[in-house]
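Please open the structure in a viewer and follow the stops below in order. Each stop gives a selection and describes what is found there.

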Amino acid sequence: MGRKKAIRFESNITQENVIQEGKPLYEKVKGLWNKEVFKNSNPIVLELGCGKGEYTVGLAKLFPDKNFIGIDIKGDRIAVGSIKATEANLNNVAFLRTKVHELESFFNENEVAEIWITFPDPQVLQSGERRRLTNPRFLEIYAKILAAGGCLHLKTDSESFFKYSVSTLQNFGVNKLTKTEDLYNSDLNVRHYNIKTRFEEIFTAKGFNINYLYCYFS
């Protein structure tokens, strides 16, 4: 393990806004995010596969009346977002180190208001379909933890993954699915708040179009 990565892992141990295995709240935070972590009753928004938490931190700055949780299994990545949130004095930010398929272990039914999926691994090979974050098995999880009318956002540069996601979401029966294959030249451009992940900056610099959709769960 490199020195920089080791420092980040050490940071996660001391950072109050990081929930991970070995910390007291890790085993009992389910259903208690507002009470025990944020100390308010504001809506909860998740960023899945958050990486360095660009959206988690960026949205938290724009919407102080909402609580944002970045979720990723990579501890060295969430450490970056955790430190940025602390430096910005953002009390409406937390990070959870876990895998997406374990969400039901950390959130009650109807506990979440909104989910962002930003530039996930598209798992383009057929063998990786079950790991795509818009696979029906994941949609079932989202449907359980999202409150009625909860919103899902997806941004990706992958055309094939985007088409797959549109199909699985429509087959799942979501409401009011709205999409674009060229976000920056679309009326929907305002809906992503001009926040870009590191991957998005790389892809847009190479001339890739950005796909975006949002929809609602019953």
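Contact, as used on this tour, means heavy atoms within 4.5 Å. The model is predicted: local features need pLDDT of at least 70, side-chain atom pairs count only at pLDDT 80 or more, and totals for chains, interfaces and linings use all residues. Residues are numbered from 1 along each chain as its sequence is written, and side-chain values use heavy atoms, with hydrogens and water left out.

Select Asp 72 to begin. Asp 72 sits in strand β3 (residues 67-72); strands are DSSP runs of E, at least two residues, and helices runs of H or I, at least four, numbered from the N terminus. Asp 72 is buried, at 9% relative accessibility; buried means under 20% relative accessible area, exposed over 50%, and partly exposed in between (1.4 Å probe, protein chains only). Beyond residues up to four places away in sequence, Asp 72 touches Gly 49, Cys 50, Gly 51, Ile 78, Leu 96, Arg 97 and Thr 98.

Next, select Glu 47, in strand β2 (residues 44-48). Glu 47 is buried, with a relative accessible area of 3%. Its contacts outside four places in sequence include Tyr 55, Ile 69 and Trp 116.

Finally, select Glu 140, in helix α5 (residues 136-145). Glu 140 is partly exposed, with a relative accessible area of 43%.
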